[in-house]
Structure formats: C-alpha cells, structure tokens
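Biologist: Before we discuss anything, could you put the model on the screen, so that we can read its features together?
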Amino acid sequence: FLASAALAVVSIGAAVYFVSRTTTREAEAELQRGLIEAGTLVDEQCATLVRTLTVMARLVADAPRLKAAVDTGDPPTVQPLAVGYQEQLNAALMLLTDRNGHILAEVGDVEIAEGAIGSLPEIREALAGREASGFWPHADGVLQVMSVPIAVRTVTTDILGALTVGFRLDNN
C-alpha cells in the first residue's frame, strides 16, 4: 500500500511540477511580449506628441501678429499675445525671447532663473534657426518643451527670437 501511495504521490507531484513550470515559462514569455508591445506604443505616442508639439509651435511662430510684436522688443506688447496663444494651445508654458535670448513674454511656471533662460540649449538652437525639444524640471513633474525660431524668411532668414511651448508630463 505504501509503495502504491508513494508512486501515486510522486507521479502526481512530477506532473504538477512540469505543468506548473511550463505554464510559468509561457506566462512570463507572454508578459515579456506584452511589455515590449507596450514599450513600442509608448515610443510611438511620444513621437506623435513631439510632432504635434512641433507643428503647433511652428504655426504660432509663423503668425504675422506674433512676429510683429516680437520685432518690437517690447514685453508689454508681446505678453497679451503669449497669453492668448497659451490658452489656445492649452500649454503649461509659453515663453518668447528676443534674438538675444532675453525674455519678452512668459506664461506659465518656469523653474529656471530668468538670466539663464537664454543659455538653455533648446533656446540657443532656436535662436540659431533650428528647432529643438527637451525636458525641463517642474514642481509637478517635467515639462516637455519645443523651441522654434521666430523668423522672417526673405532672401535671407532673419531670426527675430524664439518661441518655446511646454506641456506638463505629470501623474495626470
């Protein structure tokens, strides 16, 4: 009787062990495939967000009223336009600088010293005539920013300043 019982316990135990091991291995492989797929979707979403952010920033930077206001170099003239565009875009940050990197308008929270704004790589790239994106620290998370040049294009390109638009990446 003991031999028969031991044989039954061993055979059932071996079957449970092999089935459990195979099931666990397959579940882990499925989980790994799901994580890879989720990572791909996150990458695609981030790329889409950057493209959308770039298009919105370009459209605002090409607005004739904004170009004329930035060309004045007068912050009280530029600030109302920045507020209006920030509300239209529902952006967390709208920052306009002149061709020297001095702030003309700021809407939203920037946790960077005012004198350091013009030295940020994204703004320097925009003032050099190139678009640039990056991430800036923020109390509630991180701001994903896109800086584009504000330029008048004729035979030559005259850079009037830089437009930086930021969207908050936080828990929400």
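Modeller: Let us begin with the hairpin, in which strand 1 and strand 2 are separated by 4 residues, and where Gly101 in the turn has a positive phi of about 90°. Strands, like helices, are DSSP runs numbered from the N terminus (E, at least two residues, for strands; H or I, at least four, for helices). This is a predicted model, in which local features need pLDDT of at least 70 and side-chain atom pairs count only at pLDDT 80 or more, while totals for chains, interfaces and linings use all residues. Residues are numbered from 1 along each chain as its sequence is written, and side-chain values use heavy atoms, with hydrogens and water left out.

Biologist: How many bridges join strand 1 to strand 2, and do they run parallel or antiparallel?
Modeller: Two strands pair if DSSP finds at least two bridges between them. Here 5 bridges connect strand 1 (residues 93–98) with strand 2 (residues 103–108), and the two run antiparallel. Within this pairing, Leu96 stands opposite Ala105 of strand 2.

Biologist: Which members of the largest nonpolar core touch the most other members?
Modeller: A nonpolar core is a set of buried Ala, Val, Leu, Ile, Met, Phe, Trp, Tyr and Cys residues joined through side-chain atoms within 4.5 Å, where buried means under 20% relative accessible area, exposed over 50% and partly exposed in between (1.4 Å probe, protein chains only). Of its 26 residues, Leu66, Val70, Met94, Leu96, Ile150, Leu163 and Val165 touch the most other members. Helix 3 (75–89) is among the elements that each supply at least two residues, and the largest share, 5 residues, comes from helix 3.

Biologist: Where is Asp62 found, and which residues does Asp62 touch?
Modeller: Contact means heavy atoms within 4.5 Å. Asp62 lies in the loop between helix 1 (2–61) and helix 2 (64–72) and, leaving aside residues up to four places away in sequence, touches Lys67 and Arg153. The C-alpha atoms of Asp62 and Ile150 are 6.8 Å apart, although 88 residues separate the two along the chain. With a relative accessible area of 41%, Asp62 is partly exposed.

Biologist: How many aromatic pairs does the structure hold?
Modeller: Rings of Phe, Tyr and Trp (its six-membered ring) pair if their centres lie within 6.5 Å, with planes under 30 degrees apart counted as stacked, over 60 as edge-to-face and the rest as tilted. The structure holds 1 such pair: the ring centres of Tyr17 and Phe18 are 5.3 Å apart and their planes at 65°, so the pair is edge-to-face. Tyr17 is partly exposed at 46% relative accessibility, and Phe18 is partly exposed at 48%.
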